[in-house]
Amino acid sequence: MKGWNWDGFFEYLTNTYILEGAAVTLGLTIAAMTLGVVAGCVVALMRMSPFRILSNIAYFYTWLIRGTPLLVQLIIIYTGLPQIGIKFSVLEATLIGLVMNEAAYLSEIIRSGISSVPKGQSNAARAVGMTDVQMMRYIVAPQAARIIIPPLGNSVNGCLKTTSIASIISMEELLRRTQVLIQEKFMVLELFVVAALYYLLMTTAWDLIQRRIERHFGRGYDIKADAAEQR
Amino acid sequence: MQPMIVLEDVDKWYGKNFQVLKSCSLTVSPGEVVVICGPSGSGKSTLIKCVNGLEPVQGGHISVKDMEVTGPRTKLPKLRSHVGMVFQHFDLFPHMTVTENICIGQTRVLGRTQAEAEAKAAALLERVGMSDHARKYPIQLSGGQQQRIAIARALAMDPIAMLFDEPTSALDPEMITEVLDVMVELAKEGMTMMVVTHEMGFARKVADRVVFMDGGEVVEDTPKDEFFASPKSQRAVEFLSKILDH
Ligand SMILES: Nc1ncnc2c1ncn2[C@@H]1O[C@H](COP(=O)(O)OP(=O)(O)O)[C@@H](O)[C@H]1O
Ligand SMILES: [Mg+2]
């Protein structure tokens, strides 16, 4: 193929510098999603709380975060805030930005998941004497999870790719490292294709994991699968 | 004898303007079966949910045995673990098998071991005629079967009283009997029961008293035979003629 360098392509496909970048992307995603789910639960519970102030704060938060681009948020956190004396490292700024975003989007997903569990379920749980915490843990959360997992999975997929935005504040993840190499070697197409393949690999792996999780939380809802399990 | 369930001048509002229960009073003695009937919207479900504190009340007192339901410091979860409840739409936990449904309260609330809970579940399944379905999920069962499991789930907690809110009104006619049979047996064994139902056959067979509600009020509270022979209020007469017609 004219203009395409196979040797260069294969060399970069196994290049440790790029591989480390991919690992950073993966690590950022895992961290952002884990912390994001926790923070998202807090925001969701605040939003559904009977206390007006709490639900208003939560509403304001999601409105603010979802209404502005992550790119702008990251630049404000990393480049803007030092102007008023608040300094973060690149990694800190990246994590703060990603977690704030995931928390905002996930809180909506979590909220609709929890609301989808019928009122009869919480009454039934209370009627056998469960406390609110037990009801949440054993009855509401597992049923909400079934509704939450598909959009949550989308968020994981999205987050794997969104981390690339942090390259703008020089976070050394997959895209940033690809660009650094391009500056040195000028193999633009080969390197970007390598980067794309790594993203594809990670999103595909997640797809497989997600399907297993969905199957787990789908028990009791799929007559055929349940019947097979009982055999 | 100390009464099992006492409601005294219970008032309840939904919001500021709508009073759903108006000074309702009612006593159920141990072993008694009280059937509550009345037109749709008269407050029967609300009343029965107040007994185990699923709905808060704004006035009056409710107690179950020696536990004050309406007290500010009442541990409601503890109280509810002693009072079984069966709902119109069964409300089994869909993500759990039949056995898990019957065990979860025993293990998590009563602190029984898994083995104890499963033994109890097996015995109760036998009793409600559902032994073959222990490992199924609720979605795989008919309405009548689900309701029998819901009764077993409540009985697993060894309740001192059972509350039923229209347990058969969501069922196809051919499934009503299988559920009523379980309830009749329970009544004959001496369980204290408050049953919201329009199944007058059930009331005739096992009820001690019939309570008739209308517009949030307890209009009548009479021994069963008296209620069917000569209801005191015009509203009860009209209601009876409507439901006994078909
Ligand atoms: N959560 C609620 N909020 C406001 N109104 C309610 C609520 N639940 C029931 N109601 C109203 O209270 C009245 C009594 O309801 P309910 O106790 O369910 O009656 P019944 O069981 O006798 O049909 C009805 O008018 C109903 O619309
Ligand atoms: Mg009702």
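Reader: In chain B, what share of the contacts with a separation of 6 or more comes from residues 24 or more positions apart?

Author: That share is 64%. Keep in mind that this is a predicted model.

Reader: What about chain A, for contacts between residues at least 6 apart in sequence?

Author: There, 75% join residues at least 24 apart.

Reader: How many helices and strands does chain B have?

Author: Nine helices and ten strands.

Reader: What box do the C-alpha atoms of chain B fill?

Author: Roughly 50 × 45 × 35 Å, along the principal axes. The C-alpha trace of chain A spans about 70 × 60 × 25 Å along its own principal axes.

Reader: How many residues count as buried, as a percentage, in chain B?

Author: In chain B, 57% of the 246 residues count as buried. For chain A, the figure is 43% of 231 residues.

Reader: What is the accessible surface of chain B?

Author: About 10500 Å². Carbon and sulfur atoms hold 49% of that. Chain A exposes about 12600 Å², and carbon and sulfur atoms supply 66% of that area.

Reader: Now charges. How many positive and negative side chains does chain A have?

Author: Chain A has 20 positive and 16 negative ones. The centres of the two sets lie 11 Å apart. Chain B has 26 positive and 32 negative charges, with mean positions 5 Å apart.

Reader: What does UniProt list for chain B?

Author: An unreviewed UniProt entry places "domain: ABC transporter" at residues 5-240 of chain B. In the model, that span is 37% helix and 25% strand. Its end C-alpha atoms lie 26 Å apart.

Reader: Which domain does UniProt list for chain A?

Author: The unreviewed entry gives "domain: ABC transmembrane type-1" for residues 22-210 of chain A. Those residues are 81% helix and 0% strand in the model. The end C-alpha atoms of residues 22-210 lie 20 Å apart.

Reader: Where does UniProt place the feature "transmembrane region" in chain A?

Author: At residues 22-46, 58-81 and 186-209, again from an unreviewed entry. Residues 22-46 of chain A are 100% helix, with end C-alpha atoms 35 Å apart. Residues 58-81 of chain A are 83% helix and 0% strand, and their end C-alpha atoms are 23 Å apart.

Reader: Which ones are buried?

Author: They are A:Gly120, A:Gln121, A:Ser122, A:Asn123, A:Ala124, A:Ala125 and A:Ala127.

Reader: What do the buried residues of helix 6 pack against?

Author: Helix 7 (132-162) of chain A, plus several elements of chain B. In chain B these are helix 1 (44-51), helix 2 (76-81), strand 6 (83-86) and helix 5 (143-155).

Reader: What comes just after helix 6 of chain A?

Author: A:Gly129, with a positive phi of about 100°.

Reader: Next, helix 7. Is A:Val140 buried or exposed?

Author: A:Val140 sits in helix 7 of chain A. Its relative accessible area is 6%, and under 20% means buried, so A:Val140 is buried.

Reader: Which residues is A:Val140 in contact with, leaving aside neighbours within four places in sequence?

Author: A:Ile114, A:Val117 and A:Met135. The C-alpha atoms of A:Val140 and A:Leu208 are separated by 26 Å, and the two residues are 68 apart along the chain.

Reader: Where is A:Pro150 placed?

Author: Also in helix 7 of chain A. A:Pro150 has a relative accessible area of 34%, which makes A:Pro150 partly exposed.

Terms used. Residues are numbered from 1 along each chain as its sequence is written. Chains are lettered from A and ligands numbered from 1 in the order in which they are written. This is a predicted model: local features need pLDDT of at least 70, side-chain atom pairs count only at pLDDT 80 or more; totals for chains, interfaces and linings use all residues. Side-chain values use heavy atoms; hydrogens and water are left out. Helices (H or I, at least four residues) and strands (E, at least two) are DSSP runs, numbered from the N terminus. Buried means under 20% relative accessible area, exposed over 50%, partly exposed in between (1.4 Å probe, protein chains only). Contact means heavy atoms within 4.5 Å. Accessible areas come from the Shrake-Rupley method with a 1.4 Å probe; for residues, only the protein chains shown count as cover. Lys and Arg count as positive and Asp and Glu as negative; His and the chain ends are not counted. The place of a charge is taken as NZ of Lys, CZ of Arg, CG of Asp or CD of Glu. UniProt positions are given in the numbering used here, feature names are shortened, and annotations may be inferred rather than shown by experiment.
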